[in-house]
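This briefing covers how two protein chains meet in one model. Look over the sequence and the structure before reading the points below.

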Amino acid sequence: MTYLLMSLPFLGVSLVVFFIGLVRAARVRGKARRYLVSYAVTTAALLGLTAVFDNVMMAAGFFDYGREQISGARFILMPLEDFFYPIAAAFLLAGLWQFLQPSRSGHDPERKDSAHAATHRFLSDQGEPEHD
Amino acid sequence: MALIYLASLAASTGCMVLLDYRYRLAFFRAPVRTLVALLAGLVFFITWDAVGISLGVFRHLDSVWASGILLAPEFPLEELFFLTFLTYLTLILLAGAQRLIDARGRR
């Protein structure tokens, strides 16, 4: 149970960051849905990749776990607790990515890059303004 | 000493950089925001790993596919690359999904 218990604070922190991001996103109409859907898509992809590649990594013998420290429940070779990493990654990064986004001010430095905008207008013209 | 695992992680991360560059998703769109998010994610996961290692949850094994280089007890060089890849992949997935949602909304 050690793996489960020691993961709880990290899952908790990632959840808090996720909710801060959600509150931020919800300030703009339609953005909360975009935030939640992109989070869900990301989580699904990460869980699928983890289910495949964590087992590959286990089979390759890169690491092992303390027998007494894990629940013993496994998906093929990987301990089920390993799914906490991708779950927390999606919560944490979704929140951070939203939180770090500059507030909308109508200034988009990307639009000045006209040569690039010409070729990438469809793709680069979407989405939120950036300030980096 | 083998570099298969390290090379696989580097190649996978390289593919994320190519996607990022092609579609201007994360670093090539907002470099500061991306670096801050990557760094925060790395600190988060390295701390999680460190707690697990200190409690005896995670144990390093000498694999024929891995370099065998340890940055700290039970923490191999490849783990740093793996955590960087996981964090960057997550950002690319989020930014990519948001790009698709925005594109559909404008059609």
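Two strands pair if DSSP finds at least two bridges between them. In this predicted model, three bridges join strand E1(A) to strand E1 of chain B, residues 58-60, and the two strands run antiparallel. The points below start with the contact as a whole and then turn to its parts.

**Extent of the contact**
- Chain A contributes 49 residues to the contact, and chain B contributes 51 residues.
- About 4700 Å² is buried between chain A and chain B, and carbon and sulfur atoms give 68% of this area.
- Of the area that chain A buries against chain B, 18% comes from Phe62(A), Tyr85(A) and Trp97(A), more than from any other three residues.

**Polar and charged links**
- Eleven residue pairs are in polar contact across the interface of chain A and chain B, with both residues at pLDDT 80 or more.
- One salt bridge is found across this interface.
- Arg34(A) and Asp102(B) form a salt bridge, with their closest N and O atoms 2.8 Å apart.

**The side of chain A that touches chain B**
- Helices H1 (2-25), H2 (31-60), H3 (84-99) and H4 (114-124) of chain A, along with strand E1 (63-65), each supply at least two residues of this side.
- H2(A) gives the largest share, eleven residues.
- By residue type, this side has 28 nonpolar, 14 polar and seven charged residues.

**The paired strands**
- Tyr65(A) has Phe58(B) as its bridge partner in E1(B).

Terms used: Residues are numbered from 1 along each chain as its sequence is written. Chains are lettered from A and ligands numbered from 1 in the order in which they are written. This is a predicted model: local features need pLDDT of at least 70, side-chain atom pairs count only at pLDDT 80 or more; totals for chains, interfaces and linings use all residues. Side-chain values use heavy atoms; hydrogens and water are left out. Contact means heavy atoms within 4.5 Å. Buried area is the accessible area (1.4 Å probe) that two parts lose on being put together, summed over both. A salt bridge is a side-chain nitrogen of Lys or Arg within 4 Å of a carboxyl oxygen of Asp or Glu. A polar contact is a pair of N or O atoms within 3.5 Å; within protein, one must be able to donate a hydrogen and the other to accept it, and residues adjacent in sequence count only if both atoms are side-chain atoms. Helices (H or I, at least four residues) and strands (E, at least two) are DSSP runs, numbered from the N terminus. Ala, Val, Leu, Ile, Met, Phe, Trp, Tyr, Cys and Pro count as nonpolar, Asp, Glu, Lys and Arg as charged, and the others, Gly among them, as polar.
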